[in-house]
Amino acid sequence: MTRLDIISIFPDYFQPLTLSLVGKAIGSGLVELGVHDLRHWTHDRHHTVDDTPYGGGAGMVMKPEPWGEALDAVLGEDPGDTVLVFPSPSGERFHQSIAQELSSRGRLVFACGRYEGIDRRVIDHAATRVEVRELSLGDYVLNGGEVATLAMVEAIVRLIPGVIGNPESLSEESHSEGNEGLLEYPVYTKPPLWRGLEVPQVLFSGHHARIREWRRGRSEELTRERRPDLLGPRDAQA
Ligand code: 6GU
């Protein structure tokens, strides 16, 4: 059983997690999900979560007090095997290997910031109590951590043992360790001829070694064209 908690000022963003594979993992008891509204831990009439930045500059910063109380409540007395994730465009780049590692942890807490970010002391203080990871999806800016959390939760939950019916499908996909860092080869299904386009003949051959070789070749070709960075410094030179 993996416990997931998400803290956000937009709890409605996480409605999609009740659907599909993640929803099934929750339904089957493999995953337990708690979504928490940060404003629950505000005490003023307007449920204020942000304020102007010290030192000046544009935008607003999330106040430390609501975050401090929220994390105290959600982490509890003994955070144990918990990882606290702060999604942030200035975080470490999220990767399949990080998803793999997080999928084996007992509990994950996602703290979704908005505006120009959360008062730094919240993250620094939390790091004295629990393992903290600041994670970014990539080099572009989203309005807050919510969409990034949805993506990370999906990437992590599908790797929890028992969530995917056929775990062999996991080892051949792009970015998995079993695929040696190559992009996945193209796939085809019936009919054999569609809108004048044929399925590559080798796939009808029943010759497993030749099929494996063809797929490997396509994987290498695709990776060279689209993601030479994955091939390492020497092969990357086209
Ligand atoms: Cl994790 N958060 C935000 N706000 N923007 C991002 C991101 C995260 N990853 C890429 N862009």
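Of the 238 residues of the chain, 38% count as buried, a class that requires under 20% relative accessible area, with exposed meaning over 50% and partly exposed the range in between, for a 1.4 Å probe and with protein chains only. The structure is a predicted model, in which local features need pLDDT of at least 70 and side-chain atom pairs count only at pLDDT 80 or more, whereas totals for chains, interfaces and linings use all residues. Residues are numbered from 1 along each chain as its sequence is written, and side-chain values use heavy atoms, with hydrogens and water left out. The secondary structure comes to 7 helices and 9 strands, where helices (H or I, at least four residues) and strands (E, at least two) are DSSP runs numbered from the N terminus. Taken along the principal axes, the box filled by the C-alpha atoms is roughly 70 × 45 × 35 Å.

The ligand is surrounded by Pro 87, Ser 88, Pro 89, Leu 135, Ser 136, Leu 137, Gly 138, Tyr 140, Leu 142, Gly 144 and Ala 148, a residue being near a molecule or strand if one of its heavy atoms lies within 4 Å of it. This shell divides into 7 nonpolar, 4 polar and no charged residues, under a scheme in which Ala, Val, Leu, Ile, Met, Phe, Trp, Tyr, Cys and Pro count as nonpolar, Asp, Glu, Lys and Arg as charged, and the others, Gly among them, as polar. Strand S5 (82-93) and strand S7 (131-136) each supply at least two residues of the shell, and S5 gives the most, with 3 residues.

Polar contacts are pairs of N or O atoms within 3.5 Å; within protein, one atom must be able to donate a hydrogen and the other to accept it, and residues adjacent in sequence count only if both atoms are side-chain atoms. A backbone N or O atom of Tyr 140 is placed 2.5 Å from a nitrogen atom of the ligand, a backbone N or O atom of Leu 137 is 2.8 Å from a ligand nitrogen, and an N or O atom in the side chain of Ser 136 lies 3.4 Å from a nitrogen atom of the ligand. Taken alone the ligand exposes 290 Å², of which the protein buries 96%; accessible areas come from the Shrake-Rupley method with a 1.4 Å probe, and for residues only the protein chains shown count as cover.

Tyr 140, a member of the ligand shell, lies in the loop between S7 and helix H5 (145-157) and counts as partly exposed at 46% relative accessibility. Together with Phe 10, Tyr 13, Leu 142 and Val 147, Tyr 140 forms a nonpolar surface patch with about 430 Å² of accessible area. Patches are made of residues with over 30% relative accessible area and no salt bridge, like charges being joined within 9 Å and nonpolar side chains (Val, Leu, Ile, Met, Phe, Trp, Tyr) within 5 Å.

Side chains of opposite charge can pair when their charged atoms come close. With a salt bridge defined as a side-chain nitrogen of Lys or Arg within 4 Å of a carboxyl oxygen of Asp or Glu, the count comes to 18 salt bridges. Glu 131 and Arg 105 meet in one of these, at 3.0 Å from N to O. The pair links distant parts of the chain, 26 residues apart, with Glu 131 in strand S7 and Arg 105 in the loop between helix H3 (96-102) and strand S6 (107-111). Glu 131 is partly exposed at 32%, whereas Arg 105 is buried at 16% relative accessibility.

Arg 3 forms a salt bridge with Asp 5, their closest N and O atoms being 2.7 Å apart; Arg 3 is partly exposed, with a relative accessible area of 23%, whereas Asp 5 is buried at 2%. In the salt bridge between Glu 220 and Arg 216, the closest N and O atoms are 2.7 Å apart. These two residues are separated by about one helical turn because they stand 4 residues apart in helix H7 (residues 208-226). Glu 220 is partly exposed at 29%, and Arg 216 is partly exposed at 34%. Elsewhere, salt bridges that share partners join Arg 3, Asp 5, Glu 32 and Arg 107 into one network.

Backbone geometry was also examined. The peptide bond from Lys 190 to Pro 191 is cis, with omega near 5 degrees, and Pro 191 is placed in the loop between helix H6 (168-171) and strand S8 (193-194). His 175, which also lies in the loop between H6 and S8, has a positive phi of about 75 degrees although it is not a glycine.
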